[in-house]
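Here is a brisk report on one protein model.

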Amino acid sequence: MNSPPLPMIEERDADGKVRAHRWVLPTDPVWLTGFLRDIFSRYWDRLTFGPILDGVAYEWTCPCPPDRFGVHDGYLTIGFSGPHFHMCIGPGVILDTPEGRKRMPGAASLFRSLDPTGAPNSWGFELRNGAAAPMMSIYFDNPFLEGPDQIADTPDWNRLSMWDDVMARYAGVGADPLNATSCGFRWADAA
């Protein structure tokens with residue numbers, strides 16, 4: 001990557017404790033289409049994705065490699081031999097109003113969530129709309145999980161290769177030893 005590394009932003013909770021690190025990404029439709037095409041094509045079998053909303057978390061996985069990418073009237077469609085989703089990524093005829101523009105991406109970032117001890121235990125991508133509401137979260141391969149919702153007995157640090165690759169290519173940031181300092185989701189057991 002020829003450009004300088006993206007700066008890391010600390011996200012704090014109401015008590016001032018750092019809960020996540022973020023690297024802000026572009027939100028223009030061409031960039032987002034390329035990024036999402038790359039992530040879903042390259043890592044389809046290692047992703048968990050969906051909107052995370054107040055009171056509900058959709059955690060979907062891809063049933064197969066994506067076979068459909070298309071943009072029409074501001075909406076990106078990603079399909080998987082039948083199942084598919086549509087997501088607003090840019091302007092279109094039906095979005096050319098102030099209310100419609102709130103549907104378009106307003107913020108995109110790579111993130112790593114931190115456990116209460118300050119060590120990372122979740123890595124991914126988040127997209128929010130112009131009204132700051134969640135559109136999609138993509139969770140990357142996690143060393144503390146084995147398959148869907150199965151906590152691993154011991155972490156597999158090789159699963160961070162996806163995060164390291166995405167960070168190098170899209171944020172200009174190399175592997176960070178901090179990523180391998182967590183006790184995972186059982187941090188309280190290790191205290």
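Strand 6 and strand 7 pair in the antiparallel sense over 5 bridges. Two strands count as paired if DSSP finds at least two bridges between them. Helices (H or I, at least four residues) and strands (E, at least two) are DSSP runs, numbered from the N terminus. This is a predicted model: local features need pLDDT of at least 70, side-chain atom pairs count only at pLDDT 80 or more, and totals for chains, interfaces and linings use all residues. Residues are numbered from 1 along each chain as its sequence is written, and side-chain values use heavy atoms, with hydrogens and water left out.

Axes are lines fitted to C-alpha atoms, for helices over the stretch in contact, and angles run from 0 to 180 degrees between N-to-C directions. Contact means heavy atoms within 4.5 Å.

Another open sheet has 6 strands in the order 1-2-9-10-11-3, again with antiparallel pairing. Its edges are strand 1 (9-12) and strand 3 (48-50), each pairing on one side only. Strand 2 (residues 18-25) and strand 9 (residues 105-114) pair over 6 bridges. R22 has F111 of strand 9 as its bridge partner. Helix 3 (residues 161-171) lies across strand 2, strand 9 and strand 10 (120-129), running at about 140° to strand 9.

**The core**

A nonpolar core is a set of buried Ala, Val, Leu, Ile, Met, Phe, Trp, Tyr and Cys residues joined through side-chain atoms within 4.5 Å. The largest has 39 residues; F40, L110, F125, I138 and F140 have the most contacts inside it. Elements that give two or more residues to this core include helix 1 (29-43), strand 7 (75-79), strand 8 (84-88) and helix 3. Leaving aside neighbours within four places in sequence, the contacts of F40 include L47, F49, I78, F85 and I138.

**Accessibility**

Buried means under 20% relative accessible area, exposed over 50%, and partly exposed in between (1.4 Å probe, protein chains only).

| Residue | Relative accessible area | Class |
|---|---|---|
| C64 | 16% | buried |
| C88 | 4% | buried |
| N179 | 2% | buried |
| D73 | 24% | partly exposed |

**Single residues**

A disulfide is a pair of cysteine sulfur atoms within 2.5 Å. The count comes to 0 disulfides. For C64, the nearest cysteine sulfur is that of C62, 8.0 Å away.

N179 sits in the loop between helix 3 and helix 4 (187-190). Its side chain makes a polar contact with the side chain of R112 at 2.9 Å. The side chain of N179 makes another with that of W123, at 2.9 Å. A polar contact is a pair of N or O atoms within 3.5 Å; within protein, one must be able to donate a hydrogen and the other to accept it, and residues adjacent in sequence count only if both atoms are side-chain atoms.

D73 is in the loop between strand 6 (68-72) and strand 7. Its phi is near 50°, a positive value in a residue other than glycine. A132, also not a glycine, has a positive phi of about 70°.
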